[in-house]
Amino acid sequence: KLSKRLQTIADRVTPGSRTADIGSDHALLPVYLVQSGRAPSAIAGELNTGPYQAASKAAASAGLSAVISVRQGDGLSVLQPGEADTVTIAGMGGSLMTDILEAGRLAGKLEGVRELVLQPNVGEEFVRRWLVKHGWTLTDETVLEEDGRFYEVLRAVLSPTASIENAALYEPAFLNKPETESALWANWLYRMGPHLLRNPSPVLHQKWELEIGKLERIVAQMAGSDTPDARAKEAEFRMEIAQIQEVLACTP
Ligand code: SAM
């Protein structure tokens with residue numbers, strides 16, 4: 001049985017998609033996708049030798065070596081154009097994920113890919129900004145909690161009208177907020193997610209309350225130090241806390 005996090009990712013993959021899972025580790029996701037019949041075939045990409053061997057072993061012991069191709073390499077370099085309909089990347093920071101997507105895009109590795117299912121551990125805003133910049137429409141977002149940690153799962157599709165769809169997503173009007181508040185909302189739409197903010201769940205509130213708690217602890221530790229640098233940083237963190245609180249307060 002998959003973890004709740006991996007199951008949520010698997011559920012976002014359109015049935016019938018040949019799926020490439022990049023940074024696959026033990027290949028849990030591709031094995032599940034093929035075994036459940038959701039994907040006809042899969043590619044598991046891994047940079048590091050240990051996880052690459054673990055993925056090969058997992059595919060073999062599931063009897064799926066013929067339909068799961070396990071490949072060692074950096075990011076999307078393991079793909080040939082046209083080989084995959086869907087790319088999944090999970091369990092790494094949003095900034096590394098964006099680097100992988102961008103390097104792959106420049107090398108033509110996203111040719112033929114129509115769907116991305118991404119689960120950044122942190123730095124989700126980098127991923128949202130990359131998607132907007134490169135013609136991917138964010139169709140849905142989920143936030144979930146598992147073992148005390150919060151995870152976001154983002155699904156995007158390649159769309160010829162992405163610029164129009166994305167423009168609407170990151171406008172305050174998407175949340176029924178006035179245009180005059182666009183400075184506040186633009187930033188937070190990218191950080192917290194337009195769909196998540198529009199249909200806020202208790203889990204979204206919990207995730208950001210936890211973030212506020214972390215920031216408050218940092219501020220408390222800084223209170224002892226008197227250098228101008230520390231003062232400036234402290235003010236910055238306090239501002240951040242106030243803004244998150246403001247956003248949460250406006251979010252049902
Ligand atoms: N995707 C799995 C999951 O969500 O459970 C595994 C996540 S694991 C924390 C991250 C994996 O990404 C590691 O196995 C690591 O070796 C791999 N990785 C890191 N950088 C990579 C890159 N540039 N290309 C391919 N794999 C990479």
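The ligand is surrounded by 15 residues, the closest being Gly23, Asp25, Leu47, Ala90 and Gly91; a residue is counted as near a molecule or strand if its C-beta atom, placed from the backbone, lies within 6 Å of it. Strand S2 (42–46) and strand S4 are the elements that give two or more residues to this shell. Strand S4 provides the largest share, three residues. By residue class, the shell divides into six nonpolar, six polar and three charged residues. In this classification Ala, Val, Leu, Ile, Met, Phe, Trp, Tyr, Cys and Pro count as nonpolar, Asp, Glu, Lys and Arg as charged, and the others, Gly among them, as polar.

The model is predicted: local features need pLDDT of at least 70, side-chain atom pairs count only at pLDDT 80 or more, and totals for chains, interfaces and linings use all residues. Residues are numbered from 1 along each chain as its sequence is written.

The protein chain contains 10 helices and seven strands. Helices (H or I, at least four residues) and strands (E, at least two) are DSSP runs, numbered from the N terminus. The radius of gyration of the protein chain is 20 Å, close to the 18 Å that the globule rule gives for 252 residues, so the chain is as compact as a globular protein of that length. This radius is taken over C-alpha atoms, and the globule rule is 2.2 Å times the number of residues to the power 0.38. Along the principal axes, the C-alpha atoms of the protein chain fill a box of roughly 60 × 40 × 35 Å. Of the 252 residues in the protein chain, 36% are buried. A residue is buried if 20 or more other C-beta atoms lie within 10 Å of its own, exposed if 12 or fewer, and partly exposed in between, with C-beta atoms placed from the backbone. Among the contacts in the protein chain with a separation of 6 or more, 66% join residues 24 or more positions apart; two residues are in contact if their C-beta atoms, placed from the backbone, lie within 7 Å.

The seven strands of an open sheet follow the order S3-S2-S1-S4-S5-S7-S6, with mixed pairing. Strand S3 (68–72) and strand S6 (136–146) form the edges, each pairing on one side only. On average, neighbouring strands of this sheet are turned by 15° against each other, direction ignored. Two strands pair if DSSP finds at least two bridges between them. Strands of a sheet pair through backbone hydrogen bonds, either parallel or antiparallel.

Strands S1 and S2 pair in the parallel sense over four bridges, and Thr19 stands opposite Ala42 in S2. From strand S1 (residues 19–22), Thr19 and Asp21 point one way and Ala20 and Ile22 the other way, and all are buried. Strand S4 (residues 86–92) and strand S5 (residues 115–120) also pair in the parallel sense, over six bridges. In S5, Glu115 is the bridge partner of Thr86, and Leu118 stands opposite Ile89. Both faces of S5 are covered, with Glu115, Val117 and Gln119 on one side and Leu116, Leu118 and Pro120 on the other, all buried.

Helix H1 (residues 4–12) lies across S4, S5, S6 and strand S7 (149–158), running at about 155° to S6. Axes are lines fitted to C-alpha atoms, for helices over the stretch in contact, and angles run from 0 to 180 degrees between N-to-C directions. In H1, Arg5, Leu6, Thr8, Ile9, Ala10 and Arg12 are buried. The buried residues of H1 pack against helix H2 (28–35), S4, S5, S6 and S7. Helix H9 (residues 202–222) lies across S6 and S7, at about 75° to S6.

Several loop residues are exposed. Asp147 lies in the loop between S6 and S7, and its phi is near 50°, a positive value in a residue other than glycine. Asp147 counts as exposed because it has 7 C-beta neighbours inside 10 Å. Asn176, in the loop between H6 and H7, has a positive phi of about 60° although it is not a glycine. Asn176 is exposed, with 8 other C-beta atoms within 10 Å. Thr180 is found in the loop between helix H6 (162–169) and helix H7 (182–192). With 8 C-beta neighbours inside 10 Å, Thr180 counts as exposed. The C-alpha atoms of Thr180 and Leu106, 74 residues apart along the chain, are separated by 37 Å.
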